[in-house]
Structures are given as structure tokens and as C-alpha cells.
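Open the model in your viewer and keep the sequence panel beside it.

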Amino acid sequence: MKSVREKVVVGIDLGTTNSLIATFSGGQPLVLPNALGSRLTPSAVSVDGDEVLVGSAAYARHATHPNDTALVFKRDMGADLTRKLGRRSFSPQELSAMVLASLTRDAEATLGVEVVEAVVTVPAYFGERQRQATRDAAAIAGLHVERIINEPTAAAMAYGLHELDRELKAVVLDLGGGTFDVTVLEIMEGVIEIQSSAGDARLGGEDFALALAALASAQLKAKLGHAPTADTSLARLREAAERAKCRLTEDEETDLALPALEVGGAAHDVALSFSRPEVEVAWAPLIERCRHPILRALSDAGARAADIDEVILVGGATRMPCFVRLASQIFDRLPRRDLPVDEVVAMGAAVQAALKAGDAAVEDVVVTDVAPFSMGMETSTLLGQREVRGLYTPIIERGTTIPVSRVERFFTLASGQRRIDVKVFQGEHSLCKDNTFLGSYQVKGLPPKPAGEVGVDVRFSYDLNGILEVEMNIAGSDKKEHLVIEERPGKLSKKQIERAREAMAKLKFHPRDTLPNRTALARADALYVELTGLARDELGAHLARFRAALESQDSALIDETRAQLLAVIDAFTR
Ligand code: AMP
């Protein structure tokens, strides 16, 4: 089915909780389904013996096999650590690579063509290391990354596609599971210009679920004299709170039922009820925290709330009515949600992919972006006789329109100084130790002259992919040196990528065609652990019927019993 000649560039939203893959077809972005028919693939990897599961089946296994399952690894991208699953250890890049490979396989199955190139989105606040780690992940998955774009930029592109003839200023509010991102942008004559971005990397829908769990826990303490403390009880409470939180988006009131929950050493059938206003009181501090990045992004863009023509919501948690209210209050208008909040980033990535592929439908779209953080180098200064080291001198300031190239000249501090250490950092703090180290290089061979008479020009070039290149040149000489970015922490060498690719090729992934069965089993197993009494018996009976059908290899019977099993699961986890 694969054709080598036909190739397609896809857009991928590699998310913390869910990932999506989209293509551009008939002038529109189109999000593609996975093997289960869903457009959302959980960013989850689980190892079962010598078999690897990716997506929903892996996510469901987390409840029963937490030590063999990895979630939220996007947060670790660029960090020097590994996760042990089963007998093997995986880097965050390898885990992300498995998600990328799974999305790619699904897209190939749907499109019937080979997918080798992709536009991948990353959060605007992702630094150099995390962006490089994302590229490395794609390389391990055998994908060439055509472009890395910021998630809010992608969202703007998805909307911008329909607004090209309008002149407007917009703000993108992206509240995902774990992060909040705010971006101010302008669309003018088909050009999307990102003016500022700000965010809170530790604020998301998950925090609202935890706040609701804390509220439930306080009520249990008042009722039973104890709050739940056992790990399993806390995990169940958090899961139930997550589901209740989502129900409160639609309903004014909801129940939170946890049969046989262990509290204070005994099992209790917990049944609590919450009204939306009551829960919103507990959420008020979180909603207040959402205000800060919004105000900062506005002020960085030199805009007032009243200047904003459109408020665009992105991310699952922007569905919450209290969030919609906050956005409406600040901007004095109803936010736009005409594109699905979960899919808009992937759709925008597909628009960018179409741009790359030269699709006529998008030929008028141009995007400019800004550097989401400052980048600079370490300098020293003389205070009297004392040399003060470790000072941070930004060269590219946060908010600068990219691509950008800036050069600055630095002078020797001591007479006869023959070399200069160029240490590159990213961040906003005045001292380097508080910023993120990106790499260093030693410029040698400076002519021996009195202090301050030899200069080194340091050029920082930051491209649209968010990749920084540093070039150094001794003033007055032709010799140019490039910063050996290869050596920076977290970045994989070509060899390491090759090794990781080979290792991944040896892994046994669960076959696509039986993934729906495997996923249903994993979900049922996870729920079975949680349930007790009659509910457990009912689930157990359906599970047994499904297992028998699998043994029989009768595909009609398998499909029928699987549908029944999933209906029971959905009823219990509503
Ligand atoms: P994302 O990272 O964009 O997939 O967003 C995931 C977050 O959105 C999670 O915290 C979800 O709980 C949250 N979310 C998804 N659907 C809803 C909903 N209907 N109401 C409230 N939060 C939701």
C-alpha cells in the first residue's frame, strides 16, 4: 500500500496528554484517526513483557502497571534522564519517538502514502534544548522535521486561514492539562505576526482536578474523621475528580462516587455531590493565577485588552465555564471556539505543512514569530580590582521578531589575555546561574595586547525553528568559530540517534489491527481493579465473554462483545 514516490508532509501536535496528526486536503486541515478511530492518541507508552504499547492501551495500563508505563514525558524533553519500563530504560526522546512513530503509522494507514516529513508543534516556552530534543525524537522515529512551530502560532494559523482578508489583533489562550500559554498576535493582509507570548508552565487542567480532589478529601474528613491517605485511594480520588471536573463543564451539579474507598483503615462507599458554584469557589485561586500571564502578554505586546479583536481558546481545559468567564471579563467579548479546542494546534501544523509543500490554498499565508525567551552570554566586569563573574548579558531579547541575527562585541578584561570563554545561556535572570546553560566555546589565539584592546564579535542567529546558532570572530581577523552546539547537555549525537533508531526497530509494537482489542482489555482490567461488588461482577462477566470471543477468533463475535464491554466501561466511568 505504501508508495515511495507519493509523499506527504503532515502536521503533528505532540502533546503532553494527547497527540494528534493532521494533513491538508482540499484546502482544509484534516485531523486523522488512529487505529481505534479516535483523533486523539494519548501520549503514553507501556511495556508489557517484550511488547510495547502506545496510545490508549498504554494509557489504560497505567492504572494496573504504573511502573511499566510512562505518561507526561513531554515535560522531561531535553532533560538528561531515563525512565525504566520493564527491563529497558527509555529517554524522553525515545518515548516521544514511539508516539510519533505510532501517529505516523496511523496516518500512513489512512492516507495510503508514506509519511516522512512533518511539522511538529512545541509550546512557545520550550527552550533550545527541548526543541532540539523534539527534533531528535522525530529523527529516532524516522521523520524529517520540516519545521518546529510554536503551538499558539499553529492555533493562530488554523484560525488565520479563514481571516486572511481581515485586519485584526488576537489573543490565543491555551490551557492544557499541565500548562497555560498566552500569545498576542496580529493578522494583517495574510501575515500572522506573533507579538508576544507568556505562560505558566505549572498551571493546567490537572490543577483544577487536584483542587476538586482536595475539596472532596476535606469533605470526607469532616464526615468520616479521616481523609484518604493510601496511594491507591488518592489515585482513585484524583481520577474521579478529573471526571467530575469535566462533567461540571456541562452540568450544574455532579456526583462523585467511589465504592469501597479505603479511608482511615476501613472501606467506605463514598458518595459526594458538588455544585458548580461551590467548586468554582475552590478554583478561584487557580482562575486568578490565569490572569497574570494574560496581563504580561498584553503588556509585552504593548496592547490593552480593549485592543484585542478576537479571543481564541485552545486546549481541553478552556472548556471550563469559569475559564470562559475569565476570558470574557478581561476582554469584554465572547471568546471564539469555532474550531475544536483539542484539534486546533494540529490543524495549524497541517496548514504550515501545506505551506511547506507549496499548496496553492495557503500560498498567501505568511507567519512571523517572536523569540519566547532571551538568549545571551556570560560576562564578567571589573569593580575596582575585583572581577565579578557570572553576569548575564542578553543578546537576543525576549519578544524579538524572528528570524533574527544580532552581534555584540566583547573585550578582554586582562592584559595579554589569549582566550575568551563564550558561555551561552537562555533566560531572563541577571545571573547566569539562574538561567539555562546552552553550551560553551573557547575562542583561542587572541593577539597579546593590553586589556580592553582585543574584541571578539559574538553573533547570535535564531531561526524560525527556534534553533540558535552562535558564531564568534576575533575583531579584525577573518577567523570564524561556530559554537559546538553538539556538546550541549541533552542533545543526542548522530550516533546516539542511530543507536536509538536501531533499538526502536528491534522493539515489538502491538499490531495495529488488534489494537482495539488490546485497548479494550487494558481499559477493562484497569476498571476491574477499581470496582467492587455487583459492578465488578457485571464488568467481570463482560470481560469473560470478550476473552472467550478472542479465543474463538470469530471476528464478528469479537466486535460484538468488545462493543458491549466498552459500553459497560463507559457507563461506569461516566
Ligand atoms: P489538552 O492538553 O489540551 O489535551 O488538555 C487536557 C486538559 O483538558 C485536561 O486537564 C482535561 O481534564 C481538560 N479537559 C478536557 N475536556 C474537558 C472538559 N469537558 N471540561 C473541563 N476540562 C476538560
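Predicted model: local features only at pLDDT ≥ 70, side-chain atom pairs only at ≥ 80, totals over all residues.

Two strands count as paired if DSSP finds at least two bridges between them. Within the pair, Asp48 has Glu51 of strand 6 as its bridge partner.

Now widen the selection to the sheet around them. It is an open sheet of 4 strands in the order 7-5-6-28, and its pairing is mixed. Strand 7 (69–70) and strand 28 (508–509) are the edge strands; each has a single partner strand, so one side of each has no neighbour in the sheet.

**From strand 7 to a salt bridge**

Select Lys74 and Glu151. Their side chains form a salt bridge, with 2.8 Å from N to O. Lys74 sits in the loop between strand 7 and strand 8 (83–85), while Glu151 belongs to helix 4 (residues 151–160), so the pair ties together parts 77 residues apart in sequence. Over the whole structure, a search finds 31 salt bridges.

**The domains**

Colour the chain by domain. Domain 1 covers 8–203 + 294–364, domain 2 covers 375–492, and domain 3 covers 512–573. The centres of domain 1 and domain 2, taken over C-alpha atoms, are 33 Å apart. Domain 1 gives 16 residues to the contact and domain 2 gives 17 residues.

How much area is buried between domain 1 and domain 2? The figure is about 1500 Å², with 43% of it from carbon and sulfur atoms. On the domain 1 side, select Glu128, Arg129 and Gln132: these lose the most area to domain 2, together 41% of what that side buries.

**Across the interface**

Which residue forms a salt bridge with Asp300? Select Arg398; the closest N and O atoms of the pair are 3.0 Å apart. Between domain 1 and domain 2 the count is 1 salt bridge. Polar contacts across this interface come to 4 residue pairs, with both residues at pLDDT 80 or more.

Next, show the elements on the domain 1 side that touches domain 2. Those giving two or more residues are helix 3 (128–140), strand 11 (144–150) and helix 7 (276–300). Helix 3 provides the largest share, 7 residues. By residue class, this side of domain 1 has 10 charged, 4 polar and 2 nonpolar residues.

**A hairpin**

Strand 19 (residues 375–383) and strand 20 (residues 386–396) run antiparallel and pair over 8 bridges. Gly376 is found opposite Pro394 of strand 20. The two strands form a hairpin with 2 residues between them, and Gly384 in the turn has a positive phi of about 65°.

**A loop residue**

For the last stop, select Glu252. Where does Glu252 lie? Glu252 is in the loop between helix 6 (231–250) and strand 15 (253–263). Setting aside neighbours within four places in sequence, its contacts are Phe274, Ser275, Arg276 and Pro277. Draw a C-alpha to C-alpha distance from Glu252 to Pro277: the two are 8.0 Å apart in space and 25 residues apart in sequence.

Methods
Residues numbered from 1 in each chain as written. Heavy atoms only, no water. Domains from an automatic or database assignment. Contact = heavy atoms within 4.5 Å. Buried area = accessible area lost by both parts, 1.4 Å probe. Salt bridge = Lys/Arg side-chain N within 4 Å of Asp/Glu carboxyl O. Polar contact = N/O pair within 3.5 Å; in protein donor to acceptor, adjacent residues only side chain to side chain. Nonpolar A, V, L, I, M, F, W, Y, C, P; charged D, E, K, R; others polar.
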